[in-house]
Amino acid sequence: PKADYRDLIHNRNAQIIDVRTTAEYRGGHIKKSVNIPLNSLQNAEKKIKKDRPVILCCASGMRSSQATRMLKSKGLEAYNGGSWHSVNRFV
């Protein structure tokens, strides 16, 4: 089922993690999102609050899909938001 991103963000206090490179993130991003590039995500678990849902985004949805699978395998409630432009509509 499709996730209700508006509910996750506004009612469930979801954290938004952008898994693009730092350079891509600097070029534009969602306000209040956190940049953790995909290749650093494995070592950045301390930055992720385990008691809140996680919405992952990137440029197209490919990297955020990988990141979502990775976090779900660790027991986190994670959602692939696709492109950061798509998720930004719900913020």
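**View 1. Where β3 meets β4.** Let us start with a residue pair: Cys58 stands opposite Ser83, which belongs to β4. The model shown here is predicted. Five bridges link β3 with β4, and the two strands run parallel.

**View 2. Strand β3 and its neighbour β1.** On the β1 side, four bridges connect β1 (residues 15-18) to β3, again in a parallel arrangement. Look for Gln15, whose bridge partner in β3 is Val54.

**View 3. The two sides of β3.** Val54, Leu56 and Cys58 point one way from the strand, while Ile55 and Cys57 point the other way. Five of the five residues of β3 are buried, so the strand is largely enclosed by the rest of the structure.

View 4. Ser64, Ala67, Thr68 and Leu71 are its buried residues. Viewed down the axis of α4, they fall within an arc of 105°, so they line one face of the helix. The face turned away from the buried side carries Met62, Arg69 and Ser73, which are exposed.

**View 5. What surrounds α4.** The cover over the buried residues of α4 includes α3 (38-41), β3 (54-58) and β4 (78-83). After the helix comes Gly75, with a positive phi near 90°. To put the pieces together, β3, α4 and β4 form a right-handed β-α-β unit.

Note on methods:
Residues are numbered from 1 along each chain as its sequence is written. This is a predicted model: local features need pLDDT of at least 70, side-chain atom pairs count only at pLDDT 80 or more; totals for chains, interfaces and linings use all residues. Side-chain values use heavy atoms; hydrogens and water are left out. Buried means under 20% relative accessible area, exposed over 50%, partly exposed in between (1.4 Å probe, protein chains only). The arc is that of the directions from the helix axis to the C-beta atoms. Contact means heavy atoms within 4.5 Å. Two strands pair if DSSP finds at least two bridges between them. A crossover is right-handed if, with the strands pointing away from the viewer, the path from the first strand over the helix to the second runs clockwise.
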